[in-house]
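The structure is shown below.

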Amino acid sequence: MVGVVLEEMRIRSLGVIDDAVVELSPGFTAVTGETGAGKTMVVTSLGLLLGGRADPALVRLGAKSALVEGRITMPAGAPATVRAEEAGAELDDGALLVSRTVSAEGRSRAHLGGRSVPVGLLAELADELVAVHGQTDQQGLLRPARQRQALDRYAGDTVAVPHEKYAAAYRRLRAVVTELEELTTRARERAQEADLLRFGLDEVAGVEPLPGEDTDLAAEAERLGHAEALASAAALAHTALVGDPEDPEGVDATTLVAGAGRALDAVRSHDPALAALAERIGEIGILLSDVSGELAGYADRLDADPLRLGAVEERRAALTQLTRKYGEDISAVLAWAEKGAARLTELEGDDERIGELTAERDALRAELSLLAQALTDARTEAADRFADAVTEELASLAMPHARVSIDVRQTEDPEGIEVGGRLVGYGPLGVDEVELLLAPHPGTAPRPIAKGASGGELSRVMLAVEVVFAGADPVPTYLFDEVDAGVGGKAAVEVGRRLAKLARSAQVVVVTHLPQVAAFADRQLLVEKTHDGSVTRSGVTVLEGEDRVRELSRMLAGQEDSETARAHAEELLATARGDAG
């Protein structure tokens with residue numbers, strides 16, 4: 001028996017279920033009951049525990065929230081156990097407690113081993129623990145894309161390894177093609193951009209601006225434009241400091257300060273405070289001498305040449321033309337020119353880049369063709385094995401003459417890649433279209449299962465596919481929701497027998513209307529509503545002995561006390577016990 005077992009679930013305020021506990025067998029558990037009794041809520045509950053979408057409509061009317069709790073036996077060292085412990089979960093006597101709460105407002109919370117965890121972690125663990133198969137999955141597998149996914153899952157590394165290599169080359173090819181398309185489709189825009197850059201760079205180069213030149217010229221223009229006033233002011237200041245040679249009677253600052261210094265020097269020895277003031281007056285005299293000398297030099301250096309002013313203004317006008325277009329000042333203009341030159345180099349290299357990308361694209365297409373062929377070969381080989389395995393399973397499901405085959409084909413596309421001497425369409429998953437074909441009887445041509453299988457045949461094909469998966473990629477628990485739809489009679493007995501066989505190596509939970517299937521279960525659970533239409537703790541019952549015979553009789557004839565139905569029910573149980581023995 002498997003090490004990982006879903007022992008029980010508690011369901012509260014979910015759909016028609018008020019509060020119920022579902023105790024599951026480590027082998028084969030069948031869940032039965034009248035239509036509408038709430039059997040499907042068992043499937044829904046497990047889906048929530050496995051990280052499924054939380055629908056607030058599932059919350060029982062009048063309740064604030066719905067709760068599903070599960071207890072799963074987890075052997076130490078199992079991958080799922082390790083992942084749960086990494087998330088901080090703690091095991092309770094070798095079992096992992098999982099819970100999911102859904103509020104009527106739609107909020108959802110998940111707990112794992114006493115620790116609050118993201119719902120996505122539950123879904124991650126589900127891949128390791130449970131395979132759920134319901135009627136929606138059955139319809140989904142009618143689509144070729146899902147059939148290709150199923151084949152790849154069955155093939156495992158045989159297909160996964162070549163697909164990984166193909167996918168890497170495909171992603172690189174798409175990146176190269178995207179860049180190439182951008183370069184070629186935007187060629188006109190890029191040429192216009194290059195022309196504008198060349199014009200701007202030529203304009204900047206023609207002016208040859210220097211860093212900070214605009215600031216320096218602005219200051220010089222200001223000085224030259226007021227040269228006469230500046231010279232007059234400097235002369236007046238100089239005269240005020242040192243006097244006018246032509247006016248010997250005039251008073252100047254230097255003479256006055258010198259007189260003040262002499263007056264203090266005569267008495268400075270009598271008071272240190274006055275001596276300090278005398279020192280400061282001496283410093284003023286020195287400073288006046290320095291300033292007067294610089295004023296004289298300033299006046300001599302001042303250039304009032306109108307030609308120079310004209311040249312400065314002309315240069316400033318040229319610089320202003322640049323700052324109007326390329327930056328707020330000359331430093332910004334020079335920065336633009338540097339970036340523009342780099343961008344122009346990039347644009348001018350487009351032709352060379354287009355050539356490089358074209359060569360790389362052609363090489364990648366050739367490589368992709370080889371990788372696609374290898375992927376096709378791997379799928380074709382796996383398809384034969386998969387089809388043979390499913391066909392063998394169908395023989396044990398009362399379809400002894402049925403033959404399943406898998407068509408791996410490609411669609412021609414003039415824009416595609418060459419595979420097998422043809423140009424075929426391709427995508428991230430390769431070049432192959434995969435379709436499951438069924439020939440139910442000898443002499444009938446294989447047809448797609450969506451067209452060639454009845455409802456009962458389709459159910460058995462799906463069960464056969466799931467059983468084959470169980471051998472190739474096993475999980476500890478399988479949940480089937482009415483996988484036996486459309487099946488009856490001998491075929492139903494064979495379905496039950498095959499599920500019982502699967503339960504020898506895995507836990508199997510089946511929601512069923514068929515007594516032939518339920519009879520093969522190790523444990524049969526009956527889901528019943530109370531008089532008010534709800535399912536309570538006493539409404540999920542483990543059937544044993546006479547109770548189980550009565551339920552099977554009801555499922556057979558709709559009458560629990562029919563002697564004929566009872567005899568048939570006991571015969572079914574005897575057949576199942578005989579197989580188990």
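## Overall form

Among contacts in the chain between residues at least 6 apart in sequence, 71% join residues at least 24 apart. The model is predicted. It contains 20 helices and 17 strands. The chain is more spread out than a compact globule, because its radius of gyration is 46 Å, well over the 25 Å that the globule rule gives for 581 residues. The C-alpha trace spans about 155 × 75 × 40 Å along its principal axes.

## Surface and charge

Of the 581 residues, 43% count as buried. The chain exposes about 29,600 Å², and carbon and sulfur atoms supply 52% of that area.

Charged side chains number 60 positive and 98 negative. The centres of these two sets lie 10 Å apart.

## V510 in strand β15

V510 belongs to strand β15, which covers residues 507–511. Its relative accessible area is 0%, so V510 counts as buried, the cut-off being under 20%. Leaving aside residues up to four places away in sequence, V510 touches F28, T29, A30, V31, F480, L499 and V517.

## T81 in helix α2

Helix α2 (residues 79–86) includes T81. T81 is buried because its relative accessibility is 1%. The side chain of T81 reaches the backbone oxygen of P75 at 2.8 Å. P75 is also one of the residues that T81 touches when those up to four places away in sequence are not counted; the others are M74, A76 and L91.

## Two loop residues with positive phi

D93 lies in the loop between α2 and β5 (95–103). Although D93 is not a glycine, it has a positive phi of about 55°. With a relative accessible area of 72%, D93 is exposed.

E208 is placed in the loop between α7 (187–207) and α8 (213–225). Its phi is near 55°, a positive value in a residue other than glycine. The relative accessibility of E208 is 57%, so this residue counts as exposed, for which the cut-off is over 50%.

Key. Residues are numbered from 1 along each chain as its sequence is written. This is a predicted model: local features need pLDDT of at least 70, side-chain atom pairs count only at pLDDT 80 or more; totals for chains, interfaces and linings use all residues. Side-chain values use heavy atoms; hydrogens and water are left out. Helices (H or I, at least four residues) and strands (E, at least two) are DSSP runs, numbered from the N terminus. Buried means under 20% relative accessible area, exposed over 50%, partly exposed in between (1.4 Å probe, protein chains only). Contact means heavy atoms within 4.5 Å. The radius of gyration is taken over C-alpha atoms; the globule rule is 2.2 Å times the number of residues to the power 0.38. Accessible areas come from the Shrake-Rupley method with a 1.4 Å probe; for residues, only the protein chains shown count as cover. Lys and Arg count as positive and Asp and Glu as negative; His and the chain ends are not counted. The place of a charge is taken as NZ of Lys, CZ of Arg, CG of Asp or CD of Glu. A polar contact is a pair of N or O atoms within 3.5 Å; within protein, one must be able to donate a hydrogen and the other to accept it, and residues adjacent in sequence count only if both atoms are side-chain atoms.
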